[in-house]
Amino acid sequence: MRTRLGGMATATLPAGLADAIRDDASLRRFLHGLPGVDQVGIEQRAASLGTRSIKKAAKLWAIDTAISMVDLTTLEGADTHGKVRALAAKARRPDPERPDTPPVAAVCVYPDLAATAVEALRGSGIGVASVATAFPSGRSGRDVKLADVALAVRSGASEVDMVIDRGAFLEGRYGQVFEEIQAVKAACGDAHLKVILETGELGTYDNVRRAAWLALLAGGDFVKTSTGKVSPAATLPGTHVLLQAVRDWYTATGELRGVKPAGGIRTTKDAIRYLVAVHEVAGPEWLTPGLFRFGASSLLNDLLLQRRTQLDGHYSGPDYVTQD
Amino acid sequence: MNMWEYAPAPESRDIANLKPAYRPFIGGEFTDGSGEPLKTINPATEEVLAEVSTASASDVDKAVRAARRAYDKVWGKMPGAERAKYIFRIARLIQERARELAVLETLDNGKPIKESRDADVPTAAAHFFYHAGWADKLDYAGLGPHARPLGVAAQVIPWNFPLLMLAWKIAPALATGNTVVLKPAETTPLTALVFAEICRQAELPPGVVNILPGAGDIGAELVNHPDVDKIAFTGSTEVGKLIQRSVAGTHKRLTLELGGKAANVVFDDAPLDQAVDGIVNGIFYNQGHVCCAGSRLLAQESVVDELLEKLRYRVSTLRLGDPLDKNTDIGAINSAEQLAKIRELTESGESEGARRWTSPCPLPDRGFFFAPTVFSGVEQSMRIAREEIFGPVLSVLTFRTPDEAVAKANNTPYGLSAGVWTEKGSRILWMAGKLRAGVVWANTFNRFDPAAPFGGYRESGFGREGGRTGLEAYLDG
């Protein structure tokens, strides 16, 4: 006897994928039937794309695009309303002396501070992303996780960043992980759902690919690498696996889903390497904040400094951008 | 804006220190050759790079006599530890002049700067470092306690990896105490002549290395010279056969590294995305001018459609253009002659009924370029499945079972390399035992290391280069 996997509208999925989520056993067969990921090969490819030389107008475009893709994040126990308001101000006008600097995509906070962020960003068009589901470990009951989501949504968050249950995933209880993502998706209402896989805890690229497909099948709008609380956080090869997954998803379904690496991306150089991967692995369609985000805090200031360097022809130093 | 054009990021051609004229290197001196001078061109622009004075038959004789003298008087009897010092010095000088050599190689050959910078030049230096380490340890090479050098080595190399093939040839010869007369390819003589400068910088005794630019006739003079003891040739199977005929009945030792038509075998349980990268690397690396290129893709029928869809997308992202641009993936075809050969063979593929797909990438107005091309529906009987194209053209065939994969992979007169893609370790080992190829790569392709012997079976030649085994070609046990 197999339980049917819950509620999601499967009518839109092509036959092969609809079949994959028929029950626990088919989901398991599907995920284990995905082609493997060769570690040496993917790391070699990531390193070789990392040598692209992005200069001049292409670099300036990349910097502005990267700024517009930042989910400006603060996820600390010490976060206060004041800290969140400061971040919101930064999100609206990242470089006050350069009003042509694009605003970031969203501000990312804990759910109890979402309302403050929503208030501070009202009318700006900047999203509020709230982590939820007992972030970062995800170790709690489903009712608690859903209550966490409800708080975020009630507070006005336009995006919810959930964590998957890595314990259940590593135990092979894929159906449970799947249903939890579906339940969270349902609780999100109109809010976009980003599904954090915490790739640093999954151990292999094969698992990362399986988790990405699981999240896509369950209705996640974005797949996200990490919470930022576990090392390693985002890596270039790990992000390659996610970009390949959304590309394959597009090939199979015609739907565009997004990718968000988070944690450990601190410099403009790093950000450009990620954009090159987006461009060449997923495709140019993904070069938009609607489909690619950076989860980051210190990255924004480096992007601003490099933007000034590009425009002024000289480097201006860290005191010329705001520390928030 | 959703289109991201990478701005041109060209490496400066000034770094190459290009000179208007280059001359042969004989007996430690650059001297005017008495052959007909040749003009070497940049295949990416068709402009003349430099005039190169070439060797004549009498220059060949002079060079062989210089090499013999250096062998008898200095190099052959020098202790290995002393020889090693020179070879280490050469390796370090290659590293010091790496950028110059990389840019010069790209100008003369047409290959992308990222390849000459990240592969050709560093691997050339690595070959000298590796073999320098052997020079005083030859008693432990497994050839007995009294392994002796052969004498004067005549070496003829191709145009696809000019400096790297030079390193593959000269490093083991010097480490084992032989002296060298080397002829670079007619279209790519420049880095070899800068290497001659490096030999002078390293104060290598005169005559130990001699470099003779010239065409095939000079190569023939060199291998037919009665006073050479050893011939090492890398190039076409056709010329390899001529050489083997000409040395029959002489005392000359011979190693040949010739053509190939390698099979890259992809099973349905392969890591598909990395297999796609490996296929791309196997056939489009260095514009497919690689003797061990994976020019025949053998894909299991149950996965061929998915594989081809991924492959075409991946190939369409390859950037073709100015080889000096750091973002270029596919550079220029080395010569008009080679381009004509590639065109002729691809036309035969179309007329024999294979389905052609060519990357929609734009081609520059000038220079010799050929867009990456994939033929599907290729049958064993077609020319594009049997003949070496030596260009960016992949032939895709299919198989149903592992036995059929082996049979098709081996059904070629060549046997240089092969690739196997599967997540099943036991199948990799089984395939490696069955494939008649000198090198079998598993879940990767075109990986080279000075410690790994390289060489072929059957019409791909004999003898090994690299590793301990490679020393045998230059020693009498």
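Predicted model: local features only at pLDDT ≥ 70, side-chain atom pairs only at ≥ 80, totals over all residues.
**Entry 1**

Next I checked how β4(B) is joined to β5 (residues 48-52) of chain B: the two run antiparallel, with 4 bridges between them. For one of the pairs, I found Leu38(B) bridged to Val52(B) in β5(B).

**Entry 1: two crossing helices in chain A**

How do I describe two packed helices? I use the angle between their axes and the distance between the axes. For α2 (residues 24-33) and α9 (residues 174-188) of chain A, the axes come within 9 Å and cross at roughly 100 degrees. Angles of 65 to 115 degrees count as roughly perpendicular, so that is what I call α2(A) and α9(A). On the α2(A) side I listed Asp24(A), Leu27(A), Arg28(A), Leu31(A) and His32(A), which meet Tyr174(A), Gly175(A) and Phe178(A) in α9(A). Sorted by class, this contact has 4 nonpolar, 2 polar and 2 charged residues.

**Entry 2: two single residues**

Is Thr191(B) buried or exposed? It counts as buried, at 1% relative accessibility. I placed Thr191(B) in helix α6 (residues 190-201) of chain B. Beyond its neighbours within four places in sequence, Thr191(B) is in contact with Leu101(B), Leu104(B), Glu105(B), Pro162(B) and Leu163(B).

I also looked up Glu159(A), in strand β4 (residues 159-163) of chain A. With a relative accessible area of 8%, Glu159(A) is buried too. Leaving aside neighbours within four places in sequence, its contacts include Asp71(A), His192(A), Lys194(A) and Arg293(A).

**Entry 3: helix α12 of chain A**

Last, I went to α12 (residues 268-282) of chain A, which has 15 residues. From first C-alpha to last it reaches 20 Å, close to the 21 Å expected. How many of its residues are buried? I got 12 of the 15, so α12(A) is largely enclosed by the rest of the structure. Among the buried ones are Tyr274(A), His279(A) and Glu280(A). The buried residues pack against α3, α4, α11, β8 and α13 of chain A, together with α10 (304-316) of chain B. Just after the helix, I saw that Gly283(A) takes a positive phi of about 140 degrees.

Key. Residues numbered from 1 in each chain as written. Chains lettered and ligands numbered in written order. Heavy atoms only, no water. Pairing = 2+ DSSP bridges. Axes fitted to C-alpha atoms, helices over the stretch in contact; angles between N-to-C directions. Parallel < 35°, antiparallel > 145°, perpendicular 65-115°, else oblique. Contact = heavy atoms within 4.5 Å. Nonpolar A, V, L, I, M, F, W, Y, C, P; charged D, E, K, R; others polar. Buried < 20%, exposed > 50% of the residue type's maximum accessible area, 1.4 Å probe, protein only. Expected span 1.5 Å × (residues − 1).
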